[in-house]
Amino acid sequence: MNTILYINNLTKKFGSLTAVDNLSFTIEKGNVYGILGPNGSGKSTTLGIVLNVVNKTSGDFQWFNGNTSTHDALKKVGAIIERPNFYPYMTAFQNLQLVCKIKEVSEEKISEKLQLVGLLDRKDSKFSTFSLGMKQRLAIASALLNDPEILILDEPTNGLDPQGIHQIREIIRKIASLGTTILLASHLLDEVEKVCSHVVILRKGVSLYSGSVDAMNASHGFLTMQSNSMDALEQALEGNSKFGNIKRDGEYLIAYLNQPMDAAEVNRFLFEKGITLSHLVKRKESLEEQFLELTKQK
Ligand SMILES: Nc1ncnc2c1ncn2[C@@H]1O[C@H](COP(=O)(O)OP(=O)(O)OP(=O)(O)O)[C@@H](O)[C@H]1O
């Protein structure tokens, strides 16, 4: 495995508030990672720490197997963590020329990157005439000028209209397909589901889930049940390790599965315990339901 970033027990406190709490995860080359969480869950703080603009309180992180200093490693990182800001009276091309000078890279890359973000035909337009979506696309082109190993984006589609959102997501997918690793922070589950292969779900700085989006989708689902003896039903389910979280929801009991189990097997198990069901429905949670469930708990 080719590790791009390794984060181990990272913690950031602002006074008494713990913004990032013992966070650990690893970014491997070639994947698209999402840090997903509601506002204030610590996404931007985490990105700030690994980009050396926020000081950590404890824990560590290591870029590229620790073979280079963070300062040198960050030369191989492209990041957009603020609203795109360029010179308004200069054209897209002129702005990127300036970035090339600062980054000490060849201007030959400019057309290639403008093409990638769909702005080549607007290269001679002034930045001030760009829509927010175009500004964001120019920022992506700018961050890619030195062909970074990883592109970091903080809420890349914030404030954009549906078409702008679609364009940015398509561009992210294209960049990933060309081999660049991507880390993006988002509060939009839908965005992470559409764009990312891996996800770290944060709530109040704590990681609730870390793994592939597919594995999360492949949860074993849950059952909604009703019986004339709800207490006996609850007790029977609690005594079987195949069931995880069990909770009352109005007249129903909801039981999440730890392992695969079909409705017939559940029915048989309960019947053998002397419990008959008046309602039994098995459902698979959507990623959204899982996300809401995860961020609600604890
Ligand atoms: N400089 C700071 N001083 C004090 N508290 C801060 C500072 N920066 C962030 N915080 C707090 O840390 C917590 C995490 O903030 P952070 O911006 O990392 O969350 P986020 O998940 O990126 O949310 P958002 O999408 O709203 O920016 C919040 O409670 C925030 O108020």
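Strand E1 (residues 3-14) is joined to strand E4 by five bridges, and the two run antiparallel. Helices (H or I, at least four residues) and strands (E, at least two) are DSSP runs, numbered from the N terminus. Two strands count as paired if DSSP finds at least two bridges between them. Within E1 and E4, Thr 11 stands opposite Ser 58. The model is predicted: local features need pLDDT of at least 70, side-chain atom pairs count only at pLDDT 80 or more, and totals for chains, interfaces and linings use all residues. Residues are numbered from 1 along each chain as its sequence is written.

E1 and E4 belong to an open sheet of three strands, in the order E2-E1-E4, with antiparallel pairing. Strand E2 (17-28) and strand E4 (58-63) form the edges, each pairing on one side only. Neighbouring strands are turned by 15° against each other on average, direction ignored. Axes are lines fitted to C-alpha atoms, for helices over the stretch in contact; angles run from 0 to 180 degrees between N-to-C directions. Helix H1 (residues 43-50) packs on this sheet and touches E1, E2 and E4. Contact requires C-beta atoms, placed from the backbone, within 7 Å. The direction of H1 makes about 120° with that of E1.

In helix H4 (residues 109-116), Ile 110, Lys 113 and Leu 114 are buried (20 or more other C-beta atoms, placed from the backbone, within 10 Å of the residue's own). These residues lie on the same side of H4 because they cover an arc of only 100° around the axis, taken from the directions from the helix axis to the C-beta atoms. Their cover includes helix H3 (92-103) and helix H5 (132-144). Gly 118 follows H4, with a positive phi near 70°.

Technical notes. Two residues are in contact if their C-beta atoms, placed from the backbone, lie within 7 Å. A residue is buried if 20 or more other C-beta atoms lie within 10 Å of its own, exposed if 12 or fewer, and partly exposed in between; C-beta atoms are placed from the backbone.
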